[in-house]
Each structure stands twice: as structure tokens, then as C-alpha cells.
Amino acid sequence: MNIEQAKEIVIGVVSEALGGKAELTEDMQLIGGESLLDSMKLVEVCLALEDVADEHGFEFDWTSDAAMSKSRSMFRSIGALATEFASQSET
């Protein structure tokens, strides 16, 4: 899966979690004070991405030690999550 496909998937999943009520950008924060997602919505996004990964024949691991770190987390932005999702699809 390439990064553009991953961005499209992640944006779609986040948009669905937010009920389509926000305009999403690659730089949108997924954790921290500026995030539109609360913790339950973030878990919903992760579970949905697990399902999409399964459909594409790979396992999406969102439980790493660095996952919730503000500086290193795959959840710091939509772009970072898409990059990680694409990366995991290639392993």
C-alpha cells in the first residue's frame, strides 16, 4: 500500500469516527489538546484500521510503547498515522 492510499483510508476512518463533522487535513492532531478525537474515538479509529488492515492482508499494531508519546507517536497527526499504516502494510 502506498502512502496516498493509506492517507485516504486514515482520513476516511477518522471522518467516520467524527461523523463527517470536520474538515480533515494531513496535519490534524489525533492526540493532545488540539485533537478533535477523545480517547474513545481514538480507540474506535484504531479498531477500524485493524479491520481495514485485515482486509488488506496485514496486521495493524497500534499498541507500541511510543504510540501515545506526543513527540514520537503515530497518532500525532493524520499524516503520521497514514505513514505508519502504510509502513506496516509492507511488513
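**Entry 1. Charges.** I began with the charged groups: the mean positions of the 6 positive and 18 negative charges of the chain lie 9 Å apart. I note at the outset that the model is a predicted one.

**Entry 2. Elements.** I next looked up the secondary structure and found three helices and zero strands in the chain. Read from the N terminus, the elements follow the order α-α-α. The radius of gyration is 12 Å, close to the 12 Å that the globule rule gives for 91 residues, so the chain is as compact as a globular protein of that length. I also recorded the span of the C-alpha trace along its principal axes, which is about 30 × 30 × 20 Å.

**Entry 3. Surface and contacts.** I then asked what share of the 91 residues counts as buried. The value is 43%. The accessible surface of the chain comes to about 5500 Å², and carbon and sulfur atoms hold 46% of that surface. For contacts with a separation of 6 or more, I found that 59% join residues 24 or more positions apart.

**Entry 4. The core.** I looked up the largest nonpolar core and counted 28 residues in it. Those with the most contacts inside this core are Val-14, Leu-49, Phe-60, Phe-75, Leu-81 and Phe-85. Which elements give two or more residues to this core? They are helix H1 (3-17), helix H2 (39-55) and helix H3 (78-89).

**Entry 5. Val-45.** I found Val-45 in helix H2. Is Val-45 buried or exposed? Its relative accessible area is 1%, and the cut-off for buried is under 20%, so Val-45 is buried. Not counting residues up to four places away in sequence, Val-45 touches Val-13, Val-14, Ala-17, Leu-37 and Leu-81. I also noted the distance to one of these residues: Val-45 and Ala-17 are 28 residues apart in sequence, yet their C-alpha atoms are 6.5 Å apart in space.

**Entry 6. Leu-18.** I moved to the loop between H1 and H2, where Leu-18 lies. Leu-18 has 15% relative accessibility and so counts as buried. Beyond the residues up to four places away in sequence, Leu-18 touches Leu-24, Met-28, Leu-36 and Leu-37. From Leu-18 to Val-45 I read 9.6 Å, C-alpha to C-alpha, for a separation of 27 residues in sequence.

**Entry 7. Lys-41.** I located Lys-41 in helix H2. Its relative accessibility is 30%, so Lys-41 counts as partly exposed. The C-alpha atoms of Lys-41 and Leu-18 are 7.7 Å apart in space, while the two residues are 23 apart in sequence.

**Entry 8. Lys-7.** With a relative accessible area of 16%, Lys-7 is buried. Which residues is Lys-7 in contact with, leaving aside its neighbours within four places in sequence? They are Glu-26 and Ala-82.

**Entry 9. Ser-77.** I found Ser-77 in the loop between H2 and H3. Its relative accessible area is 14%, so Ser-77 is buried. With neighbours within four places in sequence left aside, Ser-77 is in contact with Glu-26, Asp-27, Met-28, Gln-29 and Leu-30. I note that Glu-26 is a contact of Ser-77 and also of Lys-7.

**Entry 10. Ser-89.** I ended with Ser-89, which lies in helix H3. At 18% relative accessibility, Ser-89 counts as buried. Not counting residues up to four places away in sequence, Ser-89 touches Met-1 and Phe-58. The distance from Ser-89 to Glu-50 is 11 Å, C-alpha to C-alpha, and these two residues are 39 apart in sequence.

Technical notes: Residues numbered from 1 in each chain as written. Predicted model: local features only at pLDDT ≥ 70, side-chain atom pairs only at ≥ 80, totals over all residues. Heavy atoms only, no water. Helix = DSSP H or I, 4+ residues; strand = E, 2+ residues; numbered from the N terminus. Rg over C-alpha atoms; globule rule 2.2 N^0.38 Å. Buried < 20%, exposed > 50% of the residue type's maximum accessible area, 1.4 Å probe, protein only. Contact = heavy atoms within 4.5 Å. Areas by Shrake-Rupley, 256 points an atom, 1.4 Å probe, with all protein chains shown as cover. Lys, Arg positive; Asp, Glu negative; His and termini not counted. Charge placed at Lys NZ, Arg CZ, Asp CG, Glu CD. Core = buried A, V, L, I, M, F, W, Y, C linked by side-chain atoms within 4.5 Å.
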